[in-house]
Amino acid sequence: MWSALKRALANLAPRDIDELAGVVATKLKRMQYRSGLLDGFIAQTGFILKPL
């Protein structure tokens, strides 16, 4: 996930830490709603998830 986030921020030149924090929060929020992306991250780990 962090690798994908870093790629999304590759060309960002924030003016200050608050701008960087805002952009990171927005990118993470967008990732949250992309279930296929999140499923792919988990699948790459090799772990098997079982419903509770």
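This is a predicted model: local features need pLDDT of at least 70, side-chain atom pairs count only at pLDDT 80 or more; totals for chains, interfaces and linings use all residues.
Student: How many residues does α2 have, and what distance does α2 reach from its first C-alpha to its last?
Tutor: Helix α2 covers residues 17-32. At 1.5 Å a residue, 22 Å is expected. The helix comes close to that: α2 has 16 residues and reaches 22 Å.

Student: Which side-chain oxygen reaches the backbone nitrogen of D18 at the start of α2?
Tutor: Look at the start of α2. The backbone nitrogen of D18 has a side-chain oxygen within 3.3 Å. That oxygen belongs to D16.

Student: Is M31 buried or exposed?
Tutor: M31 lies in helix α2. Buried means under 20% relative accessible area. M31 has 8%, so M31 counts as buried.

Student: Which residues does M31 touch, not counting residues up to four places away in sequence?
Tutor: Start with L5, 26 residues from M31 along the chain. Their C-alpha atoms are separated by 8.8 Å. L5 is one of the residues touched.

Student: Which residue forms a salt bridge with R15?
Tutor: Side chains of opposite charge can pair when their charged atoms come close. A search of the whole structure finds one salt bridge. The closest N and O atoms are 3.6 Å apart, and the partner is E19.

Student: Which residues form a nonpolar patch on the surface?
Tutor: I17 is exposed, with a relative accessible area of 60%. I17 is one of the patch residues. Together they have about 240 Å² of accessible area, and they are L12, I17 and L20.

Conventions:
Residues are numbered from 1 along each chain as its sequence is written. Side-chain values use heavy atoms; hydrogens and water are left out. Patches are made of residues with over 30% relative accessible area and no salt bridge: like charges are joined within 9 Å, nonpolar side chains (Val, Leu, Ile, Met, Phe, Trp, Tyr) within 5 Å. Accessible areas come from the Shrake-Rupley method with a 1.4 Å probe; for residues, only the protein chains shown count as cover. A salt bridge is a side-chain nitrogen of Lys or Arg within 4 Å of a carboxyl oxygen of Asp or Glu. Helices (H or I, at least four residues) and strands (E, at least two) are DSSP runs, numbered from the N terminus. Buried means under 20% relative accessible area, exposed over 50%, partly exposed in between (1.4 Å probe, protein chains only). Contact means heavy atoms within 4.5 Å. The expected span of a helix is 1.5 Å times one less than its number of residues. A polar contact is a pair of N or O atoms within 3.5 Å; within protein, one must be able to donate a hydrogen and the other to accept it, and residues adjacent in sequence count only if both atoms are side-chain atoms.
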